[in-house]
Amino acid sequence: MSNYASSRPRPTQEPISIAVVASLYNNQFVQGLLNAVKEEIEVIAPNASLDVYRVPGAFEIPVCTELVLRGSAPDAVIALGVIIRGSTEHADLVGASVTDALQQMAVKHCVPVIHEVLLVSSEEQAEERCLGATINRGTEAAQTCVKMINLFGKMKASFAGEPIDHA
């Protein structure tokens with residue numbers, strides 16, 4: 001696991017819309033990610049609206065994300081799930097499929113889709129990344145989400161003729 005932790009963005013008071021699509025499978029870990037997302041968003045984007053959609057497993061995350069993107073026009077989507085490898089290749093296949101689908105949606109819709117569908121080798125790794133206080137991937141997802149919403153806002157303003165600060 002990387003010890004790099006994302007830096008917290010400057011808090012925004014803008015009313016932003018964030019959708020979270022989270023798996024119910026391996027719920028003890030996914031709930032840890034979701035709780036961390038909610039806590040961090042309250043600090044860095046207190047006026048954000050947060051809509052949470054729970055799906056049965058990681059494989060269902062992309063189709064729900066696509067429907068959210070088509071129907072509600074959020075500023076960003078955060079995808080949360082935990083896939084724990086077993087003795088077959090199933091976990092790797094699901095992980096690759098979810099990753100590819102989420103990236104395609106982000107590009108197709110030009111909306112940030114923050115990918116925190118974790119593929120881990122053990123419950124210990126899941127616990128470290130989802131329930132840990134030092135590095136929680138849910139906290140990082142929230143920070144990345146707000147950074148991308150801020151960047152896209154600046155870019156859209158620039159495209160509309162306003163000057164842009166790329167920092």
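The axes of α1 and helix α4 (residues 123-130) come within 9 Å and cross at roughly 15 degrees; axes are lines fitted to C-alpha atoms, for helices over the stretch in contact, and angles run from 0 to 180 degrees between N-to-C directions. The two helices, α1 and α4, are therefore roughly parallel to each other, given that angles under 35 degrees count as roughly parallel, over 145 as roughly antiparallel, 65 to 115 as roughly perpendicular and the rest as oblique. The crossing of α1 past α4 is left-handed; a crossing is left-handed if the near helix is turned anticlockwise from the far one by less than a right angle, and right-handed if clockwise. Phe29, Gly32 and Leu33 of α1 and Glu123, Ala126, Glu127, Arg129 and Cys130 of α4 make the contact, where contact means heavy atoms within 4.5 Å. The residues of the contact of α1 with α4 comprise 4 nonpolar, 1 polar and 3 charged; Ala, Val, Leu, Ile, Met, Phe, Trp, Tyr, Cys and Pro count as nonpolar, Asp, Glu, Lys and Arg as charged, and the others, Gly among them, as polar.

The structure is a predicted model, in which local features need pLDDT of at least 70 and side-chain atom pairs count only at pLDDT 80 or more, whereas totals for chains, interfaces and linings use all residues. Residues are numbered from 1 along each chain as its sequence is written, and side-chain values use heavy atoms, with hydrogens and water left out. Helices (H or I, at least four residues) and strands (E, at least two) are DSSP runs, numbered from the N terminus.

A further packing arrangement involves helix α1 (residues 27-44) and helix α5 (residues 137-159), whose axes come within 7 Å and cross at roughly 40 degrees. This angle makes α1 oblique to α5. The crossing of α1 past α5 is right-handed. On the α1 side, Leu33, Ala36, Val37, Glu40, Ile41 and Ile44 meet Arg137, Gly138, Thr139, Ala141, Ala142, Gln143 and Val146 in α5. By class, the contact of α1 with α5 consists of 8 nonpolar, 3 polar and 2 charged residues.

Two residues of α1 were examined individually. Leu33, located in helix α1, counts as buried at 0% relative accessibility; buried means under 20% relative accessible area, exposed over 50%, partly exposed in between (1.4 Å probe, protein chains only). Not counting residues up to four places away in sequence, Leu33 touches Leu80, Gly81, Val82, Glu116, Leu118, Arg129, Cys130, Asn136, Arg137 and Gly138. Between Leu33 and Val111, the C-alpha to C-alpha distance is 21 Å, with the two residues 78 residues apart in sequence.

Glu40 is also placed in helix α1 and counts as buried because its relative accessibility is 6%. The side chains of Glu40 and Arg8 are joined by a polar contact of 2.7 Å. A polar contact is a pair of N or O atoms within 3.5 Å; within protein, one must be able to donate a hydrogen and the other to accept it, and residues adjacent in sequence count only if both atoms are side-chain atoms. With residues up to four places away in sequence excluded, the residues touched by Glu40 are Arg8, Thr139, Ala142 and Gln143.

The axes of α2 and α3 come within 9 Å and cross at roughly 10 degrees, and α2 and α3 are therefore roughly parallel to each other. The contact involves Ile61, Pro62, Thr65, Glu66, Leu69 and Arg70 of α2, together with Val98, Ala101, Leu102, Met105, Lys108 and His109 of α3. This contact of α2 with α3 has 7 nonpolar, 2 polar and 3 charged residues. Glu66, which lies in helix α2 (residues 61-72), is buried, with a relative accessible area of 12%. A polar contact of 3.1 Å links the side chain of Glu66 with the side chain of His109. Apart from residues up to four places away in sequence, Glu66 touches Met105, Lys108 and His109.

Positive phi values were found in two loop residues. Asn26, in the loop between β1 (17-23) and α1, has a phi near 55 degrees, a positive value in a residue other than glycine. Asn26 is buried, with a relative accessible area of 18%. Cys110 likewise is not a glycine, yet has a positive phi of about 55 degrees. Cys110 is placed in the loop between α3 (90-109) and β4 (113-120) and counts as exposed at 54% relative accessibility.
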